[in-house]
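Here is the note you asked for on this structure. Please keep the sequence and the 3D view open while reading.

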Amino acid sequence: MNVSDQAPVIEISGLSRKFGQKLALNQVSLKIPRGRVFGLVGGNGAGKTTLIKHILGLLKAESGSVRVFGFDPVTDPVAVLSRIGYLSENRDLPPWMRVDELLRYTQAFYPKWDPAYAEELRAQFGLDPAAKIKNLSRGENAKAGLLLALAFRPELLLLDEPSSGLDPLVRRDILEAIIRTVADEGRTVLFSSHLLEEVERVADDLAMVFAGEVVLTGTLDDIKDAHHRLILHFESPPSIAPKVPGVLSLTGSGREWTAICNGRRPEVLAGVVRAGGRIVAEAPASLEEIFVARAGTKATGKE
Ligand code: ATP
């Protein structure tokens, strides 16, 4: 492997973006390595689409920098966009076209379009070539958009909320298969989602975005290894959540409380004992619990 293989596909440093008074991105820095599935996680309005628009060069960095394949997507759009398969959140496909016409039309823009692969995906997605786009269901429409993004075998697949509109079964089967296939071929996938279970199933790496800031990033394995859910028992029920250093969130009532913490076990254990409690059970935290806890500490400025 030479050095260019190891260079990140996307490198974002200190990127900030304001819309009027609204700070949509605040000092975002991310490196997305080649050959990985990278999940961008965040709730509505977190800044995911704004970040993706910077990667596509649709928005120019107000401060900080964005490099994709080593290029600035604003000044070098051809070098960047010709290598990206993009599925937008609202997938604006021409409603009057038939599926087969849409494939032929899109093929014309991509020298590397693979007609056999396009046909394989069309059959796999169960899309009728004679169907008009405007008559497709939401799920079929999403699949048609995904097909267009995939059929020229892009080096980078950029999916903005790809599964909204797909029913759970289709979402599970198709999304996983596609994301895995692309990553296994040494290609790179970046997808945004607010469905944490889905990210947990398919992402190698992730970044959690909350109110325009990356609150946590790393490999899925490291993030999951570092966080735990503890069930705490208090003989005398505390009226408010006790403050325990090292705990990201503490919820519950009466004698039983649930803590989400980030390593620091001896410190947490000592804090729990000081607060009059004990740990009665311990388990890995789900990504959703980690996100909620991280977002909470960010919102309250506790960490
Ligand atoms: P969602 O999951 O709801 O699509 P998101 O994480 O993609 O959310 P963004 O669309 O990036 O979030 O929006 C981030 C913030 O920036 C939001 O508060 C949004 O209202 C604001 N915003 C985004 N685009 C614009 C714009 N063109 N003009 C004004 N405000 C904008």
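1. Overall make-up. This is a predicted model. The protein has 303 residues, and 46% of them are buried. Its secondary structure consists of 11 helices and 13 strands. Along the principal axes, the C-alpha atoms fill a box of roughly 70 × 45 × 40 Å.

2. The shell around the ligand. The ligand is surrounded by 13 residues, and the closest are Gly45, Gly47, Lys48, Thr49 and Thr50. By class, this shell holds six polar, four charged and three nonpolar residues. Two elements, strand E2 (22-32) and helix H2 (48-55), each supply at least two residues of the shell. The most comes from H2, which gives three residues.

3. Polar side chains at the ligand. Which distances separate the side chains of Asn44, Thr49 and Thr50 from oxygen atoms of the ligand? For Asn44, a polar side-chain atom lies 3.0 Å from a ligand oxygen. For Thr49, the distance from a polar side-chain atom to an oxygen atom of the ligand is 2.7 Å. For Thr50, an N or O atom in the side chain is 2.5 Å from an oxygen atom of the ligand. The ligand taken alone exposes 640 Å², and the protein buries 63% of that.

4. Helix H2. The helix that gives the most residues to the ligand shell is itself mostly covered, with six of its eight residues buried. The buried residues of H2 are Lys48, Thr50, Leu51, Ile52, His54 and Ile55. After H2 comes Gly57, and the phi of Gly57 is positive, near 75°.

5. The largest pocket. Rolling a probe the size of a water molecule over the atoms shows where empty space is left. The largest pocket has a volume of about 620 Å³. Its lining is made up of 24 residues, and those nearest the centre of the pocket are Ile84, Tyr86, Thr106, Tyr110 and Leu148. Strand E5 (84-87), helix H4 (99-107) and helix H6 (138-150) are the elements that give two or more residues to this lining. E5 gives the most, with four residues. Sorted by class, the lining has 16 nonpolar, five polar and three charged residues.

6. Most residues other than glycine have a negative phi. Gln27 has a positive phi, near 55°, and is not a glycine. Glu161 is not a glycine either, and its phi is positive, at about 50°. Where do Gln27 and Glu161 lie? Gln27 is part of strand E2, while Glu161 sits in the loop between E6 and helix H7 (168-184). Are Gln27 and Glu161 buried or exposed? Gln27 counts as exposed because its relative accessibility is 54%, and the cut-off for exposed is over 50%. Glu161 counts as buried because its relative accessibility is 5%, and the cut-off for buried is under 20%.

7. Leu159 is found in strand E6 (residues 156-160). Its relative accessibility is 0%, so Leu159 counts as buried. Val9 is 150 residues away from Leu159 along the chain, and the C-alpha atoms of the two are separated by 15 Å. Val189 lies in strand E7 (residues 188-193). With a relative accessible area of 0%, Val189 is buried. Between Val189 and Leu30 there is a separation of 159 residues in sequence and 14 Å in space, C-alpha to C-alpha.

8. Helix H6, one of the elements that line the largest pocket, contains Arg138. Why does Arg138 count as exposed? Arg138 is exposed because its relative accessible area is 58%, and exposed means over 50%. Arg138 and Leu190 are 52 residues apart along the chain, with 22 Å between their C-alpha atoms.

Note on methods
Residues are numbered from 1 along each chain as its sequence is written. This is a predicted model: local features need pLDDT of at least 70, side-chain atom pairs count only at pLDDT 80 or more; totals for chains, interfaces and linings use all residues. Side-chain values use heavy atoms; hydrogens and water are left out. A residue is near a molecule or strand if one of its heavy atoms lies within 4 Å of it. A polar contact is a pair of N or O atoms within 3.5 Å; within protein, one must be able to donate a hydrogen and the other to accept it, and residues adjacent in sequence count only if both atoms are side-chain atoms. Accessible areas come from the Shrake-Rupley method with a 1.4 Å probe; for residues, only the protein chains shown count as cover. Ala, Val, Leu, Ile, Met, Phe, Trp, Tyr, Cys and Pro count as nonpolar, Asp, Glu, Lys and Arg as charged, and the others, Gly among them, as polar. On a 1 Å grid over the protein atoms alone, a cavity is a set of points where a 1.4 Å probe fits but cannot get out, and a pocket is an open set with protein on both sides within 12 Å along at least five of seven lines; lining residues have an atom within 4 Å of a point. Grid points are joined across faces, edges and corners, and a volume is the space filled by probe spheres set on the points. Buried means under 20% relative accessible area, exposed over 50%, partly exposed in between (1.4 Å probe, protein chains only).
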